[in-house]
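Here is a short report for a reader meeting this structure for the first time. Look over the sequence and the model, then read on.

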Amino acid sequence: GLGEWQRALRAQFPIITTHPELAYLDSAATAQKPQAVLDAVHTYLTTTNANAGRGTYPWANRTTTLVEQARDRVKRFLDDPAPERSAVHFTSGTTEGLRSVARDWLPDLLADGDEIVVPVADHEANIAPWLEAQRYLAGQGVHIRVRPMPYQRASGDYDHIALAELAGGRTRFVAATHVHHVYGGDMNIHRIRRVVGPDAVICLDAAQSIGHLPVSVADLDVDFVVFSGHKAMALPGTGAVWARQARGPKFTPGGWSGTPNTVGIASLTAALDWLDAAGTDRIERWTVALAARLTDGLRHLDAYEILGCQTSLAADSSVQRRQGIVTFRHHAIDSSDLGFILFSHGFMVRCDQHCQGGAGERTGSVRVSLHIHNTVEEIDRLLAVLATLG
Ligand code: PMP
């Protein structure tokens, strides 16, 4: 069953198994690495390490091939239906990836008077680059309008009614997040596409979905997917932008503009291999069930307020499903203090404001974010500690 499968996968994380007294509940900040990724790093550095796209000796050739194959690996991971037309650009993470879409690609798309939609309660990394692009374009005499996309707390999703009202014929671009890093909602991207129509460009911040659930660009019908490798079990300093249409210097496949993070890219390939073998559908089932157990438990504790979607499972299809992120606050204990108390019991969580943009929460909170190594026992132990603080 799912439990046995999970135990076998948990055993593959050395940092987890060597610290049984600790519970890592901060995978949304960065994910722990399975042995297969550690092995790939070691193997690459002890057998192959060289620069890419330059030398002609075997290590250099193998490194060039590794980077090119990693692009194909990303495309396959994203269920890309037309890999001959798309491009993958490696970055240091989602922040750099979104900035690169805004800087290298967005200006070509927009004309004076066009509108872009920006989600104002999302991660700062998915807000600042679009506002910077607006300022940059204004300097060139191209004035674009930024329409803030509101978030609806009750459903755990973007406010699609508000989006339908604010989107119009000049809406050329929508920056959307796949899974919200504070509220945990799995955003309804199909509905955004239906509202803005087939010609608008949708850029997906997939920082919290890659590795947690199946992400199919064929199904989602998006134009860009941006993610962090380190949140998908690869090394820090890794990430990628997938672009449906290769264009511009940055998005030209095989273009070598500098030394890529070769060992990071090797780790990303290994991580995507591992995640595909584990099965992102099963990872999703596991973490969604744990998150539901935690929200159900928290709802019985009067001292806590859960942020975002109040329904744990998508029994009601009008409500977005909560992925493996549960954020809450205590009515009297400050979130940093609560984080400190929780660590005294071995729980590693995220506190405070979570880099949320201007329209985000005003008060700090504690975020529990899950991955495949987390267990039912960890959730029950956490709930027991939280209950003593009620
Ligand atoms: N977007 C979202 C939704 C995130 O959760 C994060 C990381 N917390 C980022 C962007 C930024 O990712 P990185 O720090 O890897 O650039």
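## Terms and model

Two strands count as paired if DSSP finds at least two bridges between them. The model is predicted.

## Two domains

The protein chain is divided into two parts. Domain 1 covers 2-25 + 279-388, and domain 2 covers 39-277. Their centres, taken over C-alpha atoms, lie 26 Å apart.

The domains touch. On one side of the contact are 28 residues of domain 1, and on the other are 27 residues of domain 2. Two elements give two or more residues to the domain 1 side: α12 (280-299) and β12 (325-330). The most come from α12, with six residues. By class, this side of domain 1 has nine nonpolar, 13 polar and six charged residues.

## The seven-stranded sheet

Seven strands form an open sheet with mixed pairing. Their order is β2-β10-β9-β8-β7-β3-β4. At the edges stand β2 and β4 (145-149), each pairing on one side only. From one strand to the next, the twist averages 15°.

Strand β8 (residues 201-205) and strand β9 (residues 224-228) run parallel, with three bridges between them. Five bridges link β3 and β4, also in the parallel sense. One of the residues involved is Pro-119, whose bridge partner in β4 is Met-149. By contrast, β2 and strand β10 (residues 239-243) run antiparallel and are joined by five bridges. Trp-242 of β10 is the bridge partner of Val-88.

Helix α7 (residues 128-139) packs on this sheet. The helix touches β3 (115-119), β4 and β7 (171-177). Its direction makes about 160° with that of β4.

## How covered are the strands?

Is strand β2 (residues 87-91) enclosed or open to the outside? Five of its five residues are buried, so the strand is largely enclosed by the rest of the structure. In a regular strand, side chains alternate between the two faces of the sheet. Both faces of β2 are covered. Ala-87, His-89 and Thr-91 are buried on one side, and Val-88 and Phe-90 are buried on the other.

Strand β3 is mostly covered too: four of its five residues are buried.

## The three-stranded sheet

A second open sheet has three strands, in the order β11-β12-β14. The pairing is antiparallel. β11 (304-306) and β14 (366-369) are at the edges, each with a single partner strand, so one side of each has no neighbour in the sheet. The twist averages 30° from one strand to the next.

Three bridges join β11 to β12. Across this pair, Glu-305 stands opposite Arg-329 in β12.

## Around Ser-335

Ser-335 belongs to helix α13 (residues 335-344). Is this residue buried or exposed? Ser-335 counts as buried because it has 22 C-beta neighbours inside 10 Å, and the cut-off for buried is 20 or more.

Its contacts reach along the chain. Leaving out residues up to four places away in sequence, Ser-335 touches Arg-329, Cys-351, Asp-352, Gly-364, Ser-365 and Val-366. Ser-335 and Gly-364 are 29 residues apart along the chain, yet their C-alpha atoms are separated by 5.6 Å. Arg-329, one of these contacts, is also the residue opposite Glu-305.

## The ligand shell

How many residues surround the ligand? There are 14, and the closest are Gly-93, Thr-95, His-181, Ala-207 and Ser-228. By class, the shell has four nonpolar, nine polar and one charged residues.

## Two residues with positive phi

Asp-79 is not a glycine, yet its phi is positive, about 60°. Asp-79 sits in the loop between α4 (58-77) and β2. This residue is partly exposed, with 13 other C-beta atoms within 10 Å.

His-354 also has a positive phi, near 60°, and is a residue other than glycine. Its place is the loop between β13 (347-348) and β14. With 23 C-beta neighbours inside 10 Å, His-354 counts as buried, whereas Asp-79 is partly exposed.

Technical notes:
Residues numbered from 1 in each chain as written. Predicted model: local features only at pLDDT ≥ 70, side-chain atom pairs only at ≥ 80, totals over all residues. Buried ≥ 20, exposed ≤ 12 C-beta atoms within 10 Å, placed from the backbone. Domains from an automatic or database assignment. Contact = placed C-beta atoms within 7 Å. Nonpolar A, V, L, I, M, F, W, Y, C, P; charged D, E, K, R; others polar. Axes fitted to C-alpha atoms, helices over the stretch in contact; angles between N-to-C directions. Near = placed C-beta within 6 Å.
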